[in-house]
Amino acid sequence: MWTVKGKYIDSHGKEHDGSGLIVKVLNKADNGAYGEVKTLNIVGDLVASGKLSVDKKLLGIISKSSPVIVMSMKPGEALNRIDAFQRGDEKVKEKLTKEALALMCEEVATVAHTKGILHNDNNMGNILVTLSADKTTVISIKLVDWGAPRTYTASVTKEEALEWCKGAWPVEQWKKAWKIRVL
Ligand SMILES: Nc1ncnc2c1ncn2[C@@H]1O[C@H](COP(=O)(O)OP(=O)(O)OP(=O)(O)O)[C@@H](O)[C@H]1O
Ligand SMILES: [Mg+2]
């Protein structure tokens, strides 16, 4: 993932402030990549997609012409990257995890019902969390990583999606990642 300095002008001539954008560099433009672009477009986070030419000597990692997706930058951080979570005891970790998962399932269910897309790769890294100023409570979450093939089109009621999410993503699922410190 890359950030954008300055401004980005898209193919329609629309100007975007780079600070609100993030660029995902992909290995190849396969079905998974097309699926991710399509899904991002449906959920309203797509800014552009195409190939980015970069001088290989300058960047090394990006090959001469890599497929990229430009998308809206979302606020927050994965829970296990947040200091207050890392330093917290089991009780603190459990509280924050429960709050994040509850907000996550609410959002997953709303998107599934209103947009027909089920975000189901709900590991910690794909949920950006924002804490209250005193760092004790999760106040909001954002879903990121709409990469296919783990995102399916769905036609469900909000209640159905909510029930699925709560069953598929219990606190125990995220507990597995508590000890992993993502840098
Ligand atoms: N729209 C976004 N706004 C802010 N940060 C993002 C956004 N999308 C991704 N990120 C950050 O970049 C990290 C990696 O992105 P992403 O999860 O899409 O890639 P990935 O897991 O490597 O991809 P995939 O699972 O599709 O192979 C995320 O965990 C998150 O921290
Ligand atoms: Mg991911």
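Into which domains is the protein divided? Going by an automatic or database domain assignment, there are two pieces: domain 1 (2-72) and domain 2 (79-175). The model is a predicted one, where local features need pLDDT of at least 70, side-chain atom pairs count only at pLDDT 80 or more, and totals for chains, interfaces and linings use all residues. Residues are numbered from 1 along each chain as its sequence is written, while chains are lettered from A and ligands numbered from 1 in the order in which they are written.

The C-alpha centres of domain 1 and domain 2 sit 25 Å apart. Where the two meet, eight residues of domain 1 are in contact with eight of domain 2, contact here being C-beta atoms, placed from the backbone, within 7 Å of each other. On the domain 1 side, that touching face has three nonpolar, four polar and one charged residues. For these classes, Ala, Val, Leu, Ile, Met, Phe, Trp, Tyr, Cys and Pro count as nonpolar, Asp, Glu, Lys and Arg as charged, and the others, Gly among them, as polar.

With 26 residues, α4 spans 36 Å from first C-alpha to last, close to the 38 Å expected at 1.5 Å a residue (that is, 1.5 Å times one less than the number of residues). Its buried residues include K93, L96, A100, M104, V108 and A112; buried means 20 or more other C-beta atoms within 10 Å of the residue's own, with C-beta atoms placed from the backbone. Residues three or four places apart on an α-helix point the same way, because there are 3.6 residues a turn. Just past α4, G116 takes a positive phi of about 75°.

Beyond its neighbours within four places in sequence, A112 is in contact with I117, L118, A154, V156 and A161.

As for ligand 1, 13 residues surround it, the closest being K74, G125, V144, D145 and G147; the cut-off is a C-beta atom, placed from the backbone, within 6 Å. Both β4 (21-25) and β6 (65-72) give two or more residues to this shell. Each domain supplies at least three.

Notes:
Helices (H or I, at least four residues) and strands (E, at least two) are DSSP runs, numbered from the N terminus. A residue is buried if 20 or more other C-beta atoms lie within 10 Å of its own, exposed if 12 or fewer, and partly exposed in between; C-beta atoms are placed from the backbone.
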